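Subject: Structure for your review

Dear colleague,

Please find below the structure that I am handing over to you. My notes on what was found in it follow directly after.

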Amino acid sequence: MLTKKQFELLTFINRRLSESGVSPSFEEMKEALGLKSKSGIHRLITGLEERGFIKRLAHRARALEVTRLPEQASLPDQRPTAPQRGFAPNVIPGNFGPSLAGTESPPEVANVSLPLYGKIAAGTPIEALRDSASYVDVPATLLGGGEHYALTVAGDSMMDAGIQDGDTVVIHRCESAENGSIVVALVDDNEVTLKRLRRKGASVALEPANKAYETRIFGPDRVKVQGRLIALMRRY
């Protein structure tokens with residue numbers, strides 16, 4: 001049996017491997033689990049390794065392999081995706097009701113109510129939407145440590161990444177993200193957009209996933225990361 005923190009770390013590592021094929025750094029693990037030191041991450045990894053859930057790959061820095069998951073989770077394909085397909089969404093169908101009908105979350109796994117701030121569209125900083133009274137229930141197993149929120153996607157600029165107009169995206173609130181991550185970006189303290197983040201020298205590029213839209217390039221002081229996409233839910 002895993003402790004809560006061991007399960008959270010295993011879920012986080014597995015999700016990152018399935019998204020990018022690259023293990024998260026110890027700093028990222030520490031931030032995701034809300035721990036104060038990396039020594040706690042070392043202890044958790046050692047415990048997971050001793051229980052046969054992960055394996056360290058020799059002669060490769062930061063290289064971890066998830067060998068098995070608890071019974072309530074499934075092990076996705078961990079092959080790296082192409083750079084332009086860095087996010088392959090695990091879509092959760094349902095009507096977003098209290099029980100998230102349509103999901104297969106086991107009874108013992110609780111749902112977490114996340115604030116649904118509204119549509120991610122130009123002209124509205126996320127902070128201005130924090131008084132929203134809407135909430136959406138999300139399986140706790142999807143979330144790692146830290147704060148999360150949800151947004152409704154408006155438009156088709158990310159359709160080639162599997163993100164469609166009307167989808168609800170689950171966002172891990174953070175102020176930085178790895179190159180290639182799909183993020184909520186605040187431009188010029190005014191416009192909020194969901195795009196893939198690319199750093200090119202001193203510039204920041206926000207890439208759409210639709211050939212009908214152009215990549216926009218900004219100076220580093222003009223773009224602030226407000227969160228990283230970790231999952232989406234879709235109404236059918």
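In which loop is D188 found? The model is a predicted one, and in it D188 belongs to the loop between β8 and β9. Although D188 is not a glycine, its phi is positive, at about 55°. With a relative accessible area of 40%, D188 is partly exposed.

C174 is found in the loop between β7 and β8. Its relative accessibility is 8%; buried means under 20%, and therefore C174 counts as buried. C174 and V184 are 10 residues apart along the chain, and 9.5 Å separates their C-alpha atoms. R235, by contrast, lies in the segment after β12. The cut-off for exposed is over 50%, so R235, at 54% relative accessibility, counts as exposed.

Next, the helices. Helix α1 has 17 residues, and the distance from its first C-alpha to its last is 24 Å, close to the 24 Å expected at 1.5 Å a residue. Of these 17 residues, 14 are buried, so α1 is largely enclosed by the rest of the structure. Just after α1 comes G21, which takes a positive phi of about 80°.

Helix α3 covers residues 38-50, which makes 13 residues, and it reaches 18 Å from its first C-alpha to its last, close to the 18 Å expected at 1.5 Å a residue. Which residues of α3 are buried? They are G40, I41, L44, I45, G47 and L48. Because these residues cover an arc of only 160° around the axis, they are on the same side of α3. R43 and E50, on the other side of α3, are exposed.

I turn now to the interior. In soluble globular proteins, nonpolar side chains tend to be buried together. The largest nonpolar core here has 18 residues, and those that touch the most other members are L151, I163, V169, I171, I182, V184 and L194. At least two residues of this core come from each of β4 (111-120), β6 (148-153), β7 (168-172), β8 (182-187), β9 (191-200) and β12. Another core, of 17 residues, lies apart from the largest one, and F12, I13, A32 and L69 are among its members.

Finally, how many cavities of 30 Å³ or more does a search of the whole structure find? The search finds 1. The volume of the largest cavity is about 30 Å³. Its lining consists of F12, R15, A32, G144, G145, H148, H172, R228 and I230. These lining residues divide into 3 nonpolar, 4 polar and 2 charged. Both α1 (4-20) and β12 (223-234) supply at least two residues of the lining.

A colleague

How values were computed: Residues numbered from 1 in each chain as written. Predicted model: local features only at pLDDT ≥ 70, side-chain atom pairs only at ≥ 80, totals over all residues. Heavy atoms only, no water. 1 Å grid on protein atoms, 1.4 Å probe; cavity = no way out; pocket = protein on both sides within 12 Å on 5 of 7 lines; lining within 4 Å. Points joined across faces, edges and corners; volume = space filled by probe spheres on them. Helix = DSSP H or I, 4+ residues; strand = E, 2+ residues; numbered from the N terminus. Nonpolar A, V, L, I, M, F, W, Y, C, P; charged D, E, K, R; others polar. Core = buried A, V, L, I, M, F, W, Y, C linked by side-chain atoms within 4.5 Å. Buried < 20%, exposed > 50% of the residue type's maximum accessible area, 1.4 Å probe, protein only. Expected span 1.5 Å × (residues − 1). Arc of directions from axis to C-beta.
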